[in-house]
Protein chains: 2
Amino acid sequence: MKTLILSINDIRDIISEIGLNSLMDELIIRMERAIFEFDLDKTLVPAREGFEYHEPHSGLLEWMPLLQIGEQVTMKVVSYHPSNPAVQNIPTIVSSIGTFDVTNGHLVALADATFLTSFRTGAASAVASKVLGNPKSRTIGIIGCGAQAVTQLHALSRIFEFDHGLVYDVDPDASESMSKRAGFTDMEIEISTPEEILHYSDILCTTTSVGKGEGPVFNHTNHNPWLHINAVGSDFPGKFELPVSLLKKSLVCPDFLLQARKEGECQQLRGDEIGPDMVHLVQNRQKYYDARNQLSVFDSTGWAFEDKVAFDMFTEYAAKLDLGTSIQIESTISEDPKNPYEFINEVILQNC
Amino acid sequence: MKTLILSINDIRDIISEIGLNSLMDELIIRMERAIFEFDLDKTLVPAREGFEYHEPHSGLLEWMPLLQIGEQVTMKVVSYHPSNPAVQNIPTIVSSIGTFDVTNGHLVALADATFLTSFRTGAASAVASKVLGNPKSRTIGIIGCGAQAVTQLHALSRIFEFDHGLVYDVDPDASESMSKRAGFTDMEIEISTPEEILHYSDILCTTTSVGKGEGPVFNHTNHNPWLHINAVGSDFPGKFELPVSLLKKSLVCPDFLLQARKEGECQQLRGDEIGPDMVHLVQNRQKYYDARNQLSVFDSTGWAFEDKVAFDMFTEYAAKLDLGTSIQIESTISEDPKNPYEFINEVILQNC
């Protein structure tokens with residue numbers, strides 16, 4: 001019973017073989033289908049929990065378990081350290097994910113989830129925006145130009161035909177480097193102000209590291225009546241990006257209601273001000289057809305089910321392409337499961 | 001930023017080099033010292049949570065996070081599938097453990113915790129029994145002869161000079177094989193009944209897989225007035241091994257009160273019937289000197305802090321002996337942490 005380690009180098013090899021656009025397209029389709037078929041009686045997802053700390057830097061480390069009854073448990077551990085890029089030159093979000101066989105508790109696979117989190121967060125916005133965004137959208141706005149901004153631009157550009165993107169970050173270096181980082185999308189990227197972005201965007205993604213109590217990240221001024229916002233940055237109690245006045249005018253769809261009320265934009269709303277969650281939305285998309293012409297918000301806090309879908313796709317490709325490293329990690333090699341010392345050489349055991 | 005994988009083969013190499021007895025002796029000393037120095041302001045341990053399920057077999061998969069402020073997070077995932085030995089010929093408890101750097105969220109190391117759980121559970125009973133057990137103990141009793149029984153016998157035989165062990169299991173194969181499995185301790189092992197074991201033992205360990213609501217595993221009959229019991233099997237709501245009448249007469253010391261009240265023998269007691277926890281006990285051992293001559297119970301549900309101590313010992317030896325496999329798992333290799341696609345070859349990215 002070995003464990004498959006799927007490293008970032010294996011993921012790179014999968015991308016080389018399959019193509020980044022093909023993988024994003026496939027993930028969007030898989031996620032849409034999985035959410036359409038989502039069954040509360042088959043999948044248990046508790047709201048994530050975690051440790052918040054301030055030594056040596058402010059940080060957050062959370063665990064996101066998911067049970068598919070009779071099949072597997074997925075456990076993502078995801079950390080959030082806004083000091084990472086400046087202090088250690090690594091991403092703000094660092095993460096890994098494991099799956100466990102529920103027939104016996106074995107750790108089947110462990111993979112990078114730093115890339116995967118970013119990739120699936122893009123795909124999730126694409127799935128929500130396919131229902132809520134205006135199909136004629138030509139302008140995408142980005143507020144907050146970190147790693148998540150790149151996958152938002154990528155995923156949404158696979159669904160909409162954008163002419164250009166308007167971007168803003170409190171850090172000018174971040175906004176200036178966006179055109180290079182998103183160059184592969186062939187989109188024209190212009191640096192703008194939050195107010196202009198709100199004014200001109202058809203679709204807007206907020207992907208900031210705004211601090212607790214420091215939001216909103218823009219003021220509620222004029223916008224297109226059909227504006228759809230993917231609010232991605234809000235993922236912690238007290239942290240949110242959008243003006244409450246704008247939320248109250250919007251159809252607000254959380255990815256995962258339980259978590260969004262604790263950590264997302266939904267913190268700012270009463271229960272009766274919150275719209276359908278992502279599952280209800282995708283399973284009843286006809287009902288929300290008019291939302292394409294109205295103000296809407298996807299409150300994306302990050303749902304463990306999205307991780308599972310992305311993880312499944314990459315592990316399936318790893319199996320197909322014979323990638324990854326298999327290691328016998330757990331002590332399950334003995335002939336006698338009642339003897340925890342059987343794996344030790346008999347001679348060593350007698351002379352212990 | 002690579003991740004160290006410490007497999008069961010690496011652990012075997014450590015045991016070959018250092019010796020099983022030396023490692024157990026060292027772990028007992030380390031655990032005693034770590035508990036003596038335990039500081040609630042520096043270490044956060046929530047009660048574990050998990051999924052319980054009945055498809056395809058009854059099972060439980062739990063996560064046990066621990067934060068040492070400013071240092072690291074330890075996350076053990078531990079599963080419990082009583083059908084494992086018969087159905088899959090692997091241990092009931094299968095587990096793995098990871099540590100994360102709190103400066104950046106990086107998964108520093110991942111190791112087998114199947115062996116480690118069993119090993120540290122033995123050491124924990126030794127630590128508690130050093131305070132609560134009678135130093136002149138000559139007879140050890142074991143009720144429930146699975147994998148945990150072996151490490152209980154091992155650890156306690158490093159502290160007490162037992163003449164012989166009395167063992168019982170509902171499965172005769174399990175009790176019969178105990179003398180072979182515990183042969184390395186040079187102790188004489190006799191198969192007995194629960195009543196005889198209770199009657200003759202100086203120290204008793206209960207290590208059963210009794211079902212919810214099916215306890216206690218023996219009746220409250222005569223016993224030595226100085227009997228000390230390590231109750232190891234109780235680790236789930238509704239599951240317990242000891243008669244409540246015996247508990248009410250005992251000094252009951254939980255490893256971790258919050259968890260023991262939820263999952264341990266302490267479920268059967270009111271708050272005021274519960275004695276000091278393991279930390280209080282070890283930090284105030286003089287105060288409990290008389291307990292050596294009185295009935296006492298160590299309610300061992302399994303505390304994440306014990307795992308951390310054992311994990312640290314094995315990873316320190318792995319470093320000394322240059323063991324383990326280092327793999328770059330996470331996507332933290334880019335020059336630009338704001339670009340989640342930078343690790344992808346430029347040519348592939350342009351032709352994506």
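Analyst: A residue counts as buried under 20% relative accessible area, as exposed over 50%, and as partly exposed in between. The model discussed here is predicted.

User: How many residues apart in sequence are the parts that B:Glu52 and B:Lys212 tie together?

Analyst: The side chains of B:Glu52 and B:Lys212 meet in a salt bridge, with 3.2 Å from N to O. B:Glu52 belongs to strand β3 (residues 49-53) of chain B, while B:Lys212 sits in the loop between β11 (203-206) and β12 (228-231) of chain B, so the parts that the pair ties together are separated in sequence by 160 residues.

User: Is B:Lys212 buried, exposed or partly exposed?

Analyst: The relative accessible area of B:Lys212 is 47%, and the class in between starts where buried, under 20%, ends and stops where exposed, over 50%, begins.

User: Which helix of chain B holds B:Arg120, the partner of B:Glu306?

Analyst: B:Glu306 forms a salt bridge with B:Arg120, and the closest N and O atoms of the two are 3.5 Å apart. This pair links distant parts of the chain, 186 residues apart, with B:Glu306 in helix α11 (residues 304-320) of chain B and B:Arg120 in helix α4 (residues 114-132) of chain B. B:Glu306 counts as buried at 0% relative accessibility, and B:Arg120 also counts as buried, at 3%. The helix that holds B:Arg120 is therefore α4.

User: How many salt bridges does the rule find across the interface of chain A and chain B?

Analyst: Over all chains, a search of the whole structure finds 32 salt bridges. Between the chains, 91 residues of chain A are in contact with 91 residues of chain B, and the two chains bury about 7,500 Å² between them, 71% of it on carbon and sulfur atoms. Across that interface, however, the number of salt bridges found by the rule is zero.

User: Which helix gives the most to the side of chain A that touches chain B?

Analyst: Between chain A and chain B, 22 residue pairs are in polar contact. On the side of chain A that touches chain B, the most is given, with six residues, by helix α1 (residues 8-18) of chain A.

Terms used: Residues are numbered from 1 along each chain as its sequence is written. Chains are lettered from A and ligands numbered from 1 in the order in which they are written. This is a predicted model: local features need pLDDT of at least 70, side-chain atom pairs count only at pLDDT 80 or more; totals for chains, interfaces and linings use all residues. Side-chain values use heavy atoms; hydrogens and water are left out. Contact means heavy atoms within 4.5 Å. Buried area is the accessible area (1.4 Å probe) that two parts lose on being put together, summed over both. A salt bridge is a side-chain nitrogen of Lys or Arg within 4 Å of a carboxyl oxygen of Asp or Glu. A polar contact is a pair of N or O atoms within 3.5 Å; within protein, one must be able to donate a hydrogen and the other to accept it, and residues adjacent in sequence count only if both atoms are side-chain atoms. Helices (H or I, at least four residues) and strands (E, at least two) are DSSP runs, numbered from the N terminus. Buried means under 20% relative accessible area, exposed over 50%, partly exposed in between (1.4 Å probe, protein chains only).
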